[in-house]
Amino acid sequence: MVEPLSPLETDWKPGHYGHVANGAGVTLSQTQPGSIVQAAAFAGEEKTLIAALKDATGLALPDGAGAGVINGARAAFGIAPGRFLLVDQAEGLADTLSSAVQADTGTLTDLSHGRTAIRVAGTSAQWVLAKLFAIDFALTAFPVANGCSTAHHDIFAHIQRTGETQFDLYVFRSFARSFWKSLCHASEDVGYQVK
Amino acid sequence: MLINCPYCGPRDLSEFTYRGDANRTRPADTSTDQAAWNAYVYERVNTAGDHPEYWQHSGGCRSHILVMRSTLTHEIASVSLARGQKKASARRQQKKRPARRRQEDRT
C-alpha cells in the first residue's frame with residue numbers, strides 16, 4: 001500500500017497555542033485511519049447493505065438518520081439516505097468490503113487517501129465546532145456514535161461524535177490544510193494543544 | 001431560513017441549492033412539441049403563496065428534496081425526499097441531465 005501522508009504537513013506543529021493559561025480547552029489531533037470507505041445502497045437494498053457491512057466488519061449500524069457505531073479501531077455512521085462512511089485504523093477495508101457486498105446491493109468507494117481525519121477533543125470541543133458549523137452539538141441532539149454531513153464555507157465535512165467531548169471530522173484532503181487553519185483560529189480563545 | 005431536511009433535520013439555507021420549480025411537467029425526451037418544450041423551459045406560474053420546488057441538500061446529505069415554500073412569507077409547509085415522489089416526477093429528476101445538454105447545444 002502507498003504510505004498515507006498528512007496534507008497538513010508544514011502547518012502541523014505540535015505544542016500549546018492560544019489562551020492556555022487555564023489549560024487547553026481542546027486537543028487537536030489526526031487519527032490517520034488506514035481505511036475510509038463510503039458504502040452506498042441501491043434503492044430498496046439498504047437493509048441488505050447494512051447486513052453485509054455487519055457480516056464483514058462486525059459494525060451493526062442502527063436504524064435512523066445519521067446513526068452510527070464505534071467498535072474499537074472501526075467506526076461507521078450514516079451520511080445520507082442509504083449511504084454510510086466506514087473507517088478502520090487498519091488498511092484494506094475496501095478490499096474486505098468489495099468481496100462482502102454484492103454488485104446488485106450497492107457501491108463502495110475507497111476514500112482512504114481522499115479524506116483527512118481530524119479529531120477535536122476536550123471540554124470546549126462543542127464550543128469550537130459550534131463556531132464553524134450550524135449544527136446542534138448538544139449531547140441530546142447529537143448522541144455519541146452519531147454522525148452528520150455538513151459544510152463549512154463549502155468545505156464539506158462528515159462529523160462523528162466519538163465521545164461525549166470528542167468529535168472526528170473527515171474533510172476533503174485538498175481542503176484539509178485550509179480547514180485546519182480555520183479550526184486553529186477558532187480554538188484560540190479556549191487554548192488548544194496540537195498533538 | 002431553515003429547511004428541515006428529511007434526513008439531516010433543520011439546516012441553514014446556505015447548505016441548500018435551489019433546483020427549480022416543481023410545478024413544471026417535462027415533455028418526453030423524444031418529444032418534438034415546441035410548445036410543450038417552451039412551456040417547460042420558460043413558462044412559470046409565478047405563485048403568490050405555497051410553491052412546490054426542488055432543492056438539493058448540497059452541503060449535507062446531497063439528497064434532492066421537494067419543498068413547499070410560501071413565496072410570500074418563506075414559511076415552509078412541507079419537505080419530503082424527491083426520490084419518493086410519483087414515478088413521473090422521479091423520471092423527470094433522473095433525466096434532467098440530457099435535457100440541459102440539449103439546451104446548451106442550441107445556444
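**Chain B, then chain A**

Mentor: This is a predicted model. Along its sequence, chain B runs β-β-β-α-β-β-β-α-α.
Trainee: How much of chain B is buried?
Mentor: Of its 107 residues, 18% count as buried.
Trainee: Switching to chain A. What is the strand order in the open sheet?
Mentor: Seven strands, ordered β1-β12-β2-β8-β11-β10-β9, with mixed pairing.
Trainee: Which strands stand at the edges?
Mentor: β1 (15–17) and β9 (147–152) of chain A. Each has a single partner strand, so one side of each lacks a neighbour in the sheet. The twist averages 25° from one strand to the next.
Trainee: How do β9(A) and β10 of chain A pair?
Mentor: In the antiparallel sense, over six bridges. A:Gly147 stands opposite A:Gln160 in β10(A).
Trainee: Which strands does helix α3 of chain A touch?
Mentor: β2, β8, β9 and β11 of chain A. The helix direction makes about 130° with that of β8(A).
Trainee: And the largest nonpolar core, how many residues?
Mentor: It has 61 residues. A:Ala76 and A:Phe84 are among those touching the most other members. Domain 1 and domain 2 of chain A each supply at least three residues.
Trainee: What does A:Ala76 touch?
Mentor: Leaving out residues up to four places away in sequence, its contacts include A:Leu53, A:Gly68 and A:Phe84.

Notes
Residues numbered from 1 in each chain as written. Chains lettered and ligands numbered in written order. Predicted model: local features only at pLDDT ≥ 70, side-chain atom pairs only at ≥ 80, totals over all residues. Core = buried A, V, L, I, M, F, W, Y, C linked by C-beta atoms within 7 Å. Buried ≥ 20, exposed ≤ 12 C-beta atoms within 10 Å, placed from the backbone. Domains from an automatic or database assignment. Contact = placed C-beta atoms within 7 Å. Helix = DSSP H or I, 4+ residues; strand = E, 2+ residues; numbered from the N terminus. Pairing = 2+ DSSP bridges. Axes fitted to C-alpha atoms, helices over the stretch in contact; angles between N-to-C directions.
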